[in-house]
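Please report on the aromatic ring pairs in this structure.

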Amino acid sequence: MKTIHGVKGFHDVVPPQSERCTEIEGRLRAVLAAYNYGEIRTPIAERTELFTRSLGDATDIVEKEMYTFDDRDGTSLTLRPEGTAAVVRAALEAGLAQRDQVAKLWYLGPMFRRERPQKGRLRQFHQVGAEVIGRDDPLVDAEVVTLLMDCLGACGLDGAELVLNSLGDAACRPAYRAALAAYGRSRSELLCANCRQRLDRNPLRLLDCKEPGCRRAMAEAPLAHAYLCAPCRAHFAEVERLLQAADVPYRVEPRLVRGLDYYVRTAFEVVAGNLGAQNAVGGGGRYDGLVADLGGPPLAGVGFAIGIERLLLATATADYRTPAPEVDVIPLSIEAAPAAGRLARRLRGLGVRCELEVAGRSVKSAMRRADKLAARFAVLIGDDELRAGRATVRDMRRQADHPLALVVDDDGPALAQALRELGAAGGTHE
Ligand code: AMP
């Protein structure tokens with residue numbers, strides 16, 4: 001029969017990559033907990049309107065990348081392309097986003113964008129993100145950026161660069177937008193078709209088009225800083241001062257704009273040197289108008305998202321393998337299988353990473369297998385062991401039978417004690 005393949009841009013995660021995912025997610029959770037953020041889980045499908053209203057009609061995501069379909073009752077639904085809009089919606093519905101209250105939330109889960117798949121760019125990918133709703137002071141911008149860098153650092157990402165910009169706000173951005181559009185129009189013959197279309201609707205995006213012609217055309221474009229109003233300028237200066245005080249290195253990049261329309265003032269991105277074209281590992285910014293746009297009170301917000309797949313790529317070490325089992329339990333006969341099963345279950349109950357072999361292998365083939373698994377100890381149970389009530393423990397590293405033998409049907413504490421003495425439970429494996 002013909003095999004059924006997975007969907008383009010939708011990837012399976014199999015060992016050992018899944019082990020790395022779990023490891024990295026654990027580290028991220030620990031950092032987010034230390035910063036006292038609470039986890040929020042929102043559904044993967046939302047009403048389409050949530051994204052069209054928040055992300056902006058003229059963004060690539062809304063124009064051509066959303067997975068949108070009609071539910072059976074005719075409601076238009078969309079698989080979430082990002083996390084922030086849904087977190088704001090959910091926080092509003094749960095009463096977490098209110099005046100005089102601060103919501104500090106984080107999420108982790110799959111996102112969906114119908115982009116052209118390539119290295120580091122998938123159609124289903126995963127993001128971990130954090131949002132602070134209800135504070136507009138620069139201290140929170142600095143905390144969110146610091147949290148982002150600590151999350152990346154905890155996962156072993158070295159040498160990534162933090163770039164920072166201010167995009168202005170409702171007071172000063174219109175003038176900047178107009179200046180940028182006028183500049184772009186004056187050089188429209190050099191722009192790609194996409195940018196020509198965006199000239200009036202979303203001129204900020206002209207700054208991050210990768211087409212060489214557009215880059216040349218926009219090389220001398222006006223920059224946001226010249227247009228910032230006094231409050232935006234003061235806000236940005238304070239964010240910089242706080243990041244410097246926190247020893248977080250950054251570079252101001254006046255051409256940094258982000259793909260989503262809702263950002264105001266602070267915008268940031270982290271780029272890794274080893275990722276090629278898709279080099280942004282994470283990014284975020286302030287979105288002070290978004291809560292009100294989604295029907296809530298006029299609350300400020302700031303947040304970031306990290307792409308898990310890109311983080312895995314950027315931190316990949318070539319020789320990452322599934323951790324080896326500490327113990328390989330081997331029943332040497334069919335009769336030994338129940339005792340071996342009980343022993344393996346008790347070892348697993350004690351948190352020991354344990355493999356259980358099929359019954360009836362010869363000692364030689366069982367040893368080859370334990371060797372291949374790189375198990376620290378092989379525990380053999382054959383007829384002799386069954387009669388004696390003690391299993392033979394072979395130290396695979398020293399290639400010697402261990403003087404200590406595990407009692408086949410011993411109780412938990414005695415088994416734990418024996419393992420401790422063996423050094424298996426203490427993580428002495430490599
Ligand atoms: P954004 O939500 O566009 O600000 O993206 C935040 C982060 O998500 C990026 O820096 C990437 O690491 C990751 N990301 C965005 N789009 C994709 C994609 N199509 N495939 C994989 N990762 C992505």
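The whole structure holds 5 aromatic pairs, where a pair means rings of Phe, Tyr or Trp (its six-membered ring) with centres within 6.5 Å, called stacked with planes under 30 degrees apart, edge-to-face over 60 and tilted for the rest. One of them joins F10 and F112, a tilted pair with 6.2 Å centre to centre and 35° between the planes. F10 sits in the segment before α1 (17-34) and F112 in strand β5 (residues 103-112), so this pair ties together parts that are 102 residues apart in sequence. Helices (H or I, at least four residues) and strands (E, at least two) are DSSP runs, numbered from the N terminus.

This is a predicted model, in which local features need pLDDT of at least 70, side-chain atom pairs count only at pLDDT 80 or more, and totals for chains, interfaces and linings use all residues. Residues are numbered from 1 along each chain as its sequence is written, and side-chain values use heavy atoms, with hydrogens and water left out.

Y176 and Y227 also form a tilted pair, with 5.4 Å centre to centre and 45° between the planes. Y176 belongs to helix α6 (residues 173-186) and Y227 to the loop between α8 (212-217) and α9 (230-245), so parts 51 residues apart in sequence are tied together.

The table gives accessibility classes: buried is under 20% relative accessible area, exposed over 50%, and partly exposed in between (1.4 Å probe, protein chains only).

| Residue | Relative accessibility | Class |
|---|---|---|
| F10 | 23% | partly exposed |
| F112 | 4% | buried |
| Y176 | 3% | buried |
| Y227 | 31% | partly exposed |

Ring pairs also link F10 and F112 with Y67 into a cluster.
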